[in-house]
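I keep this notebook to record what I looked up in one structure. The sequence and the model come first, and my entries follow.

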Amino acid sequence: MKTATPQMARAINDRLALDLLLEHGALTAPQLRALTGLSRPTVSDLIERLQVNGLISVVGESGGDRRGPNARVYGIVADRAHVAGVDVRRDMVNVTVADITGRTLGSATHPLAGTGPSEAGRPAGAASAAEGGRSGEPGDDLVKIITRTVAEAAGGRKVHAVVVGAPGMVNPRSGELATGNGVPGWRPNLLQALRHRIDAQVTLENEVNLAAVAEHRSGSARGRKDSVLLWLDDGVGAAVTLDGRLRRGASGAAGEVGTLGLRGGAFCDLVSAEFIAGLDDDSLAARIAEGAFASVAVLDPGLVILGGKTGRSGGDALAARVSEHLAALSPVPTQVRASTVEGNAILHGALFTALSIAHRDLFGEVPA
C-alpha cells in the first residue's frame with residue numbers, strides 16, 4: 001500500500017486550504033484550523049508556504065472587539081491568474097474573463113456573418129475583395145475574431161487558460177472537432193490555430209458538455225453525481241455525467257441523441273423550433289420524453305435536466321409534464337428538472353472548466 005510522503009501531505013493540506021478559501025472567502029488561521037482539523041503548527045506552515053508562493057496574502061484583520069492582538073485574515077491572491085470562457089455560436093462569439101477566484105473582470109461579444117448567396121462557392125471564412133482583399137486559410141477570420149474578442153474581454157490581462165465551447169463532437173484524442181458544426185469560418189485544426197495565436201492553454205469542448213458542467217456547479221444538478229442534460233435549442237443533444245464525471249465516450253459522441261430515430265423522424269427535427277411551433281404543451285412534453293427515454297433506459301441517471309431555449313422557457317411546468325410521460329415509458333424512477341443556471345450556461349461551464357485548469361496548475365492536483 002502506498003503511503004503519503006511528507007511532501008504529498010503538504011501538497012494535500014495546501015490544496016485543502018486553498019479550496020476552503022475559494023469556497024468561504026478570506027479566513028483567519030483559527031478558522032482554517034477549525035475547517036481543516038489540522039494542528040496549529042501545520043496551518044502556520046502552510047500559510048507561510050502559500051504566502052511565499054504568492055497564492056495567498058493578508059487581506060485584513062479580525063477580532064478588534066476582543067483582548068489581545070487581532071487575527072490576520074488571509075485570502076487568495078485573485079490576480080495570480082486569469083481565465084477566459086468562450087461560447088462560439090453560429091451567429092456570435094461570447095467571451096468572459098475572470099480572475100482565479102471566479103470573479104468576472106470583463107466580457108466581450110462579436111457577431112459572426114453567415115454565408116449568404118453572394119458567397120456561394122467561396123469557403124466559409126475566406127476573404128472577399130469587398131473585405132479588403134485579406135488572404136489566409138479558410139477559417140482564419142474566425143480565429144482572428146475569437147483571438148480579438150478574448151483580448152478585448154481580458155483588457156490587457158494575460159490569461160492562463162482559455163476554454164472554447166462550440167457545437168459538434170470533439171475528438172478526445174486530438175481535441176479538435178470530429179465533424180462540421182455549421183459555425184461560419186470553422187475549419188479543421190482551428191484549435192491548433194488558436195493555440196498559435198493565444199498565449200495560454202486553449203481547450204475545445206462540446207457546448208452541451210460545458211452547459212452540463214455549469215448545471216453541476218451552480219444549477220439543477222448541484223449535489224448530484226449522475227445526470228443527463230437534454231439540450232433543446234438551435235442544436236439538439238445531451239451531456240452525460242456519471243459518478244461526478246463528464247462522460248464523452250470513445251469518440252466524443254456520448255449524448256448525441258439528436259440523430260435518434262423516433263416515430264415521425266429524427267429527434268433533432270421533431271423538437272426543432274419549426275416543428276414544435278404548432279404543438280400544445282402536452283404533445284411537446286411527450287415528444288421530449290421519447291428522446292429522453294433512450295438515455296434513461298441505458299444509463300439510469302436518476303435526473304434529466306431540460307436545457308437550451310426550449311427547456312428553460314418551458315420551466316417547471318414543462319419538466320413536470322415530461323416527467324409524467326417519461327414515467328409511463330420507463331419503470332426507472334427519474335426526476336426531470338428545468339435548467340436553473342443563470343445566464344449563458346455554456347459560458348459559465350467554459351469558465352468553470354478554465355478555472356479548474358488554472359487551479360490544478362497553480363494549486364496542485366485535487367487529492368484523490
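**Entry 1: the whole chain**

I began by noting that the model is predicted. I counted the secondary structure next and found 11 helices and 15 strands in the protein chain. The chain has 368 residues, and buried ones make up 46% of them. I then looked up contacts between residues with a separation of 6 or more, and 62% of these contacts join residues 24 or more positions apart.

**Entry 2: strand β4**

I asked myself how many residues of β4 are buried. Strand β4 covers residues 82–88, and seven of its seven residues are buried, so I wrote it down as mostly covered. I checked the two faces separately. H82, A84, V86 and V88 lie on one side, and V83, G85 and D87 lie on the other. Both faces are covered.

Which strands does β4 pair with, and in which sense? Strand β5, residues 92–99, runs antiparallel to β4 and is joined to it by seven bridges. One pair I looked up here is V88, which stands opposite V93 in β5. Three residues lie between β4 and β5, and the two strands form a hairpin. Strand β7, residues 161–166, runs parallel to β4, with five bridges joining the two. On that side I found G85 opposite V163 in β7.

**Entry 3: V162 in β7**

I stayed with β7 and picked V162, which is in that strand. Is V162 buried or exposed? Its relative accessible area is 1%, and buried means under 20%, so V162 is buried. I listed its contacts, leaving aside neighbours within four places in sequence. They are A84, V86, I198, A200, Q201, V202 and T203. Of these, A84 and V86 belong to one side of β4. I also looked up the distance from V162 to A350, which is 188 residues away along the chain. The C-alpha atoms of V162 and A350 are separated by 8.1 Å.

**Entry 4: strand β14**

Why did I note β14, residues 303–307, as largely enclosed by the rest of the structure? Five of its five residues are buried, so that description applies. L303, I305 and G307 point one way from the strand. V304 and L306 point the other way, and they too are buried.

I looked up the pairing of β14 next. Strand β9, residues 227–232, pairs with β14 in the parallel sense over four bridges. W231 stands opposite G307 of β14. Strand β15, residues 335–338, also pairs with β14 in the parallel sense, over four bridges. In β15, Q335 is the bridge partner of L303.

**Entry 5: two residues with positive phi**

I looked for backbone angles that needed a note. Most residues other than glycine have a negative phi. D243 has a phi near 55°, a positive value. D243 lies in the loop between β10, residues 236–242, and β11. Its relative accessible area is 52%, and the cut-off for exposed is over 50%, so D243 counts as exposed.

D300 also has a positive phi, near 50°. I found D300 in the loop between α9, residues 281–299, and β14. Is D300 exposed or partly exposed? At 43% relative accessibility, D300 counts as partly exposed.

**Entry 6: the largest pocket**

My last search was for open space. Rolling a probe the size of a water molecule over the atoms shows where empty space is left. The largest pocket has a volume of about 1,800 Å³. There are 50 residues lining the largest pocket, and the closest to its centre are V213, R217, F352, T353 and S356.

Which elements give two or more residues to this lining? I wrote down α1 (6–24), α5 (190–197), β8 (201–206), α6 (207–218), β11 (245–247) and α11 (345–363). Helix α11 gives nine residues, the largest share of the lining. I sorted the lining by class and got 18 nonpolar, 18 polar and 14 charged residues.

Terms used
Residues numbered from 1 in each chain as written. Predicted model: local features only at pLDDT ≥ 70, side-chain atom pairs only at ≥ 80, totals over all residues. Heavy atoms only, no water. 1 Å grid on protein atoms, 1.4 Å probe; cavity = no way out; pocket = protein on both sides within 12 Å on 5 of 7 lines; lining within 4 Å. Points joined across faces, edges and corners; volume = space filled by probe spheres on them. Nonpolar A, V, L, I, M, F, W, Y, C, P; charged D, E, K, R; others polar. Buried < 20%, exposed > 50% of the residue type's maximum accessible area, 1.4 Å probe, protein only. Pairing = 2+ DSSP bridges. Contact = heavy atoms within 4.5 Å.
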